[in-house]
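This report goes through one protein chain, from its overall fold to selected packing details. The sequence and the model are shown first, and the discussion follows.

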Amino acid sequence: MDWLQALIMGIFQGLTEYLPVSSSGHLAIAGELLGISDPEQIMPFTIAVHVATVLSTLVILWREIVWVFIGAFRNNKTHSNPYGLRCLNDEQNYLLCIIISMIPVGIVGLSPLKDMVEGAFSSLIVVGICLLVTAVLLSFSYFSRPREREHIGLIDAFIIGIAQAIAVLPGLSRSGSTIGTGLLLGDKKEKLAQFSFLMVIPPILGEALLSCKDIMEVGVEEAMSGISTSALIIGFIAAFATGCLACKWMIDLVKKGKMIWFAAYCAVVGIAVIIWQLV
C-alpha cells in the first residue's frame, strides 16, 4: 500500500464510519478498486484507521463522555429516574445502557460466527446485498413516525445492540442499523446519534486489541510488510480528520431527519456493485 492508497482508504473509513453507508462495505469496494483485496495484507492499517475514528468520536463528543464518567462516580440519591431503575443516577443508567448494547456484538466477536463474518468480506456480492438491506432499513426508519421517547431504555439498548452485532456484515451500516433501529423503536433523534457513536467505542477498541494480538503472533515486521510507516500515518490522519467532520455532520443530519438520502445512495451503490460482480 502506497501513500495515495492509504489516503483514499483513510478518507473512506473516516467518512463512512459515521455516515449510514457502511464503512466495511466501502472499504471492501475501495480495496478492490485499488488492488487491495486481501485485508490480511493491511491489518496494521485497518487497526490504525479504526482507532483514528474512535479518537474523532472522543473529540466531538467529549462533553457527553465527561458527563457520563463524572456522573458514574457521583454519590447517588435513591430516586426513580427516566430509565425505570432506582438507586442509579441518569449517567450511571446511560453507561449501563452502553454496556448492555455491547453484549450482542461481544457474543458474535467471541463466537465461531466471527469466521463466517470475516469470510463474507471476500464477496462483493454480499456487500451489494447488504447495502440494499441498509437502504430498506433507512427507508423504514424515515417513513415510520413512532411516538418519541426522551430516553433510551435498557431493552431498547439491547435491541440496538443486536442491530450493531448484525451490522458486522460488510455493507450493513453500523450507524444506519443502530440509528434506524432506534428510530423505529421510538427513541429521540437527538439522543440516538450520540448513543450510537458512543456504544461502538468499546467494540472497536476490543477488536483492535485482538488484532494487535494476531500481529504479535505473526511478527510486527511481517505484518508491516504490506504497508510503509508513512502510509500508516497518512491513513491515520485522514481517517481522524474526516471522522471528526462526518461525526458532527451525522449528528446534525439525524436531528433534521434527512436519512432518506443515504437510503437512496445505498440502494444505487448496492445495485451497481451487484451488477459489477455479475457482468
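## Basis and overall fold

A residue is called exposed when its relative accessible area is over 50%, buried when that area is under 20%, and partly exposed in between. The structure discussed here is a predicted model, and every value below is computed from it.

The secondary structure comprises 14 helices and zero strands, so that the order of elements from the N terminus is α-α-α-α-α-α-α-α-α-α-α-α-α-α. Of the 279 residues in the protein, 48% count as buried.

## Nonpolar cores

In soluble globular proteins, nonpolar side chains tend to be buried together. In this model the largest nonpolar core has 44 residues, and those with the most contacts inside it are I29, I179, F195, F197, L198 and M250. One of these, I179, is in contact with L192, A193, S196, M250, V254 and M259 once its neighbours within four places in sequence are left aside. Another core lies apart from the largest one and has 15 residues, including A6, I36, A48 and I227.

## Aromatic pairs

The model has five aromatic pairs. In one of them, the ring centres of Y18 and F197 are 4.9 Å apart and the ring planes stand at 85°; because planes over 60 degrees apart count as edge-to-face, this pair is assigned to that class. Y18 belongs to helix α1 (residues 3-18) and F197 to helix α10 (residues 189-199), so the pair ties together parts that are 179 residues apart in sequence. Both partners fall under the 20% limit for burial, since Y18 has a relative accessibility of 1% and F197 has a relative accessible area of 0%.

Y142 and F143 also form an edge-to-face pair, with 5.0 Å from centre to centre and 85° between the planes. Y142, at 26% relative accessibility, counts as partly exposed, whereas F143, at 60%, counts as exposed because its value is over 50%. Ring pairs also link W67, Y94 and F195 into a cluster, and F195 is among the residues with the most contacts inside the largest nonpolar core.

## Helix α7

Helix α7 covers residues 124-143, and its 20 residues should span 28 Å at 1.5 Å a residue; the end C-alpha atoms are 29 Å apart, which agrees with that expectation. The buried residues of α7 are L124, V127, G128, C130, L131, T134, A135, L138 and S141. Seen down the helix axis, the buried residues of α7 fall within an arc of 165°, so they line one face of the helix. An α-helix has 3.6 residues a turn, so residues three or four places apart point the same way.

Which helices do the buried residues of α7 pack against? They pack against α2 (23-33), α9 (174-185) and α14 (260-278). The face of α7 turned away from its buried side carries the exposed residues F140 and F143, and F143 is the partner of Y142 in the edge-to-face pair described above.

## Cysteines

How many disulfides does the model contain? The count comes to zero. For C244, the nearest cysteine sulfur is that of C247, 7.6 Å away. The corresponding value for C247 is likewise 7.6 Å to the sulfur of C244, which is too far for a bond, because a disulfide requires the two sulfur atoms to lie within 2.5 Å. C244 counts as buried at 14% relative accessibility, and C247 is buried with a relative accessible area of 0%.

## Two further positions

D156 is found in helix α8 (residues 154-166) and counts as buried at 9% relative accessibility. Leaving aside neighbours within four places in sequence, D156 is in contact with R149, L185 and D187.

G109 is found in helix α5 (residues 90-109) and is partly exposed, with a relative accessible area of 26%. Although G109 and L210 are 101 residues apart in sequence, the distance between their C-alpha atoms is 9.9 Å.

Technical notes
Residues numbered from 1 in each chain as written. Predicted model: local features only at pLDDT ≥ 70, side-chain atom pairs only at ≥ 80, totals over all residues. Heavy atoms only, no water. Phe/Tyr/Trp six-rings, centres within 6.5 Å; stacked < 30°, edge-to-face > 60°. Helix = DSSP H or I, 4+ residues; strand = E, 2+ residues; numbered from the N terminus. Buried < 20%, exposed > 50% of the residue type's maximum accessible area, 1.4 Å probe, protein only. Core = buried A, V, L, I, M, F, W, Y, C linked by side-chain atoms within 4.5 Å. Contact = heavy atoms within 4.5 Å. Expected span 1.5 Å × (residues − 1). Arc of directions from axis to C-beta.
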